[in-house]
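Below is a report on a two-chain model, arranged by topic. The sequence and structure come before the details.

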Amino acid sequence: MLTYFIRRVFTAILTLIIAAFAVSMLIYLVPGDPVDAMMGDSSSFVSPERVEEIRSQLGLDKPVYLQFPFFMANVLRGDMGRTIFGNEPVLPLLLSKLPNTLILAFAGLAVAILIGVPLGYIAAYQKGKFLDSILMLGATLGISMPVFWLGLMLLVLFSMMLGIFPVAGSGFGSLVLPAFTSGVIAAATIARMARSTMVEILQEDYIRSARAKGLSERIVLMRHAVKPSLVGVVGMIAHMFTWMLGGQIIIENVFAWDGLGQLAVSALLNREYNLIQGYILIYSTMVVTISVVLDLIYAGLDPRIRYE
Amino acid sequence: MGKPEKKGRALTTVVASNPTNIETLLRVENLDILFGTAKQHVVAVDGVSFKINTGETLAIVGESGCGKTVTSLSIMGLIPCPPGIIDNGSIQFNGKDLLHLKMEEMRKVRGNDIAMIFQEPMTSLNPVLTVGLQMSEAMMAHKGISRKEARKRAIEMLKLVQIPEPEKRMEQYPHQLSGGMRQRVMIGTALSCEPKILIADEPTTALDVTVQAQILDLMNDIKAKLDTSILFITHDLGVVAEIADRVLVMYAGRTIEEALVTELYENPIHPYTEGLLRAIPRLDQYLSADNSVKEALKQMPGIVPSIYKKIEGCSFAPRCPYARKQCGQERPVMKEVVPGHRAACWKPEW
Ligand SMILES: Nc1ncnc2c1ncn2[C@@H]1O[C@H](COP(=O)(O)OP(=O)(O)O)[C@@H](O)[C@H]1O
Ligand SMILES: [Mg+2]
């Protein structure tokens, strides 16, 4: 188990290095001269000295094979370069937006788990009955509903008409609606997954064995059915979480939530290559970390993985 | 293993020689079980009746699909409904009508008075729970004892089913045990509440031959130590001689013959039973029991009738070498042909 974990961390680090390499090469995808492209229309206003400064900052004055070592060394020092406009250091800028994204992701995840998991299980237990049909209709709606539409409806109803929550901001009150929007959408996916997993488990021989022992229905379900379902359900929850961590561009926009998603969009629009690189690196790090943690959770949940 | 077997034989003789000790523990009468809707269904069990006495082992024998599992699940109140419908009949146990018990009452019977083990030891244990917990929980549910007490008894049960290093096994998970070990765990769990009846639904079918023999030995051993009645279900008439006192033969959802084991072997009445007896593999044949049944049945042309169709006459008639016109038209009922030997066949009357 320990060697497995060490191997897992090692591959995670390798993955990150490969991601970093890909990110450092991103600049060569830009057609023509990268710095000219970044400047866009404003290139004529920028002094040649400033252009040279940016070139050396990006390592473009070095040969191609030194590009990645140069980039990696800087990243390891915590230096992801500066923005072109405003000349701000990239890493602190990204980190300043990270807490907001984390808060929204965790809140959305909590909503998704609290709604999605129980409803999925209930639907499975009521399979083929009226309640199951209603719940799955709801889940299908949730999956196909455009995020911005749901967000706007909630905003109009609860903020503008009823005035319960503020239209924008970053306090607890203004967290409720965006968290609910992303949570509901993720809950729909999680509920479907929880339902299909549970439907399958309820047909297993070991559930019949548990019933044959005369255990109470509560123990049959909570102990014998829920526990084996967790590997699949937790996997889906983690999947939803990585989706939320990317910064939920549309939700952040609708609710004026100042997170990574909005920053990433403006970086793309303004051709802030350093910022885009930094964003991708931070996001990759989070995704890879989650996958390692997830593997640990799997091992905790399923002895067949633990004792492999 | 030799010793307890001898003791067992002695015990059975005592019981048999003292008729006041024989009482009917379980009585199944005219059981009909359908799958599907009231309009469109298959008849899985069709008018099945039998009884089990205290301390006795009754075997139900028949090809796969003839309704053995469904019959035993109905005793446990575990027929999935829908699509299962118990259409008719009664199941009496210890003065209780099991088919009309409230859910909570039936739960107290399951695993406590009547326990069941299944054909698939590989999938019948929960993969994410320890052996110890799965063995303890029935006792905790029925006997109101603490987890600690239940664990102590579970270790005793593991010893009873001859699992080495029981303390260590308690902490293990099912995937760390072989198929034979898992079936031992199932048996130990089933016996943990000292049930009056143990239903064993093809407990050895999924195991390889040497392990099959070990499990049979174990069950005989247990029969000797405890006076649990056993309902032993199998498709292999060869196994029956090793464990059962009485046999009930089923064909296409119906019972067709019933007798003491030796009587049935020496004097089969129903042509289907004859076929089954011919199918018992001899030691010089490398045929699995299932294959040899198929071999022998090849000598009886025709196929098992579709259970979608209502069968007017004897369900075996289409492939019976002796069949006459009457067999296709009138359904033979179970009748005592020789004292203690019943069969559903017209032939003895001709
Ligand atoms: N859950 C079910 N749904 C529909 N039909 C079933 C179900 N369980 C059993 N049956 C029907 O009952 C018949 C008898 O099955 P079973 O009792 O499992 O046979 P076996 O003698 O092999 O144990 C089968 O042919 C099958 O058609
Ligand atoms: Mg069966």
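## Salt bridges between the chains

Between chain B and chain A there are 3 salt bridges, a salt bridge being a side-chain nitrogen of Lys or Arg within 4 Å of a carboxyl oxygen of Asp or Glu. A:Arg223 forms a salt bridge with B:Glu137, with 2.6 Å between the closest N and O atoms. Side chains of opposite charge can pair when their charged atoms come close.

This is a predicted model, in which local features need pLDDT of at least 70, side-chain atom pairs count only at pLDDT 80 or more, and totals for chains, interfaces and linings use all residues. Residues are numbered from 1 along each chain as its sequence is written, chains are lettered from A and ligands numbered from 1 in the order in which they are written, and side-chain values use heavy atoms, with hydrogens and water left out.

## The interface

The contact (heavy atoms within 4.5 Å) takes 27 residues from chain B and 21 residues from chain A. The two chains bury about 2100 Å² between them, and 59% of this lies on carbon and sulfur atoms. Buried area here is the accessible area, for a 1.4 Å probe, that two parts lose on being put together, summed over both. Within chain B, the residues losing the most area to chain A are B:Pro127, B:Val128 and B:Glu137, which together make up 25% of what that side buries.

Across the interface of chain B and chain A, 15 residue pairs are in polar contact, both residues being at pLDDT 80 or more. A polar contact is a pair of N or O atoms within 3.5 Å; within protein, one must be able to donate a hydrogen and the other to accept it, and residues adjacent in sequence count only if both atoms are side-chain atoms. On the side of chain B that touches chain A, the elements giving two or more residues are α2 (68-76), α4 (131-143) and α7 (179-191) of chain B. Of these, α4(B) gives the most, with 6 residues. By class, the residues of that side are 13 nonpolar, 9 polar and 5 charged. Ala, Val, Leu, Ile, Met, Phe, Trp, Tyr, Cys and Pro count as nonpolar, Asp, Glu, Lys and Arg as charged, and the others, Gly among them, as polar.

## Chain A

Chain A has 14 helices and 0 strands. Helices (H or I, at least four residues) and strands (E, at least two) are DSSP runs, numbered from the N terminus. The C-alpha atoms of chain A fill a box of roughly 80 × 60 × 30 Å along the principal axes.

Helix α5 (residues 90-125) of chain A packs against helix α8 (residues 172-202) of chain A at an angle of about 35 degrees, with the axes 5 Å apart. Axes are lines fitted to C-alpha atoms, for helices over the stretch in contact, and angles run from 0 to 180 degrees between N-to-C directions. The contact of α5(A) with α8(A) has 24 nonpolar, 5 polar and 1 charged residues.

Over all chains, the whole structure has 26 salt bridges. A:Asp295 forms a salt bridge with A:Arg8, the closest N and O atoms being 2.2 Å apart. This pair links distant parts of the chain, with A:Asp295 in helix α13 (residues 273-301) and A:Arg8 in helix α1 (residues 2-25) of chain A, 287 residues apart.

## Backbone details

A cis peptide bond joins B:Cys81 and B:Pro82, with omega about -5 degrees. The peptide bond from B:Pro82 to B:Pro83 is cis, with omega near 10 degrees. B:Pro82 is found in the loop between α2 and β4 (84-93) of chain B.

In chain A, A:Asn87 has a positive phi of about 50 degrees although it is not a glycine. A:Asn87 lies in the loop between α4 (64-76) and α5 of chain A.
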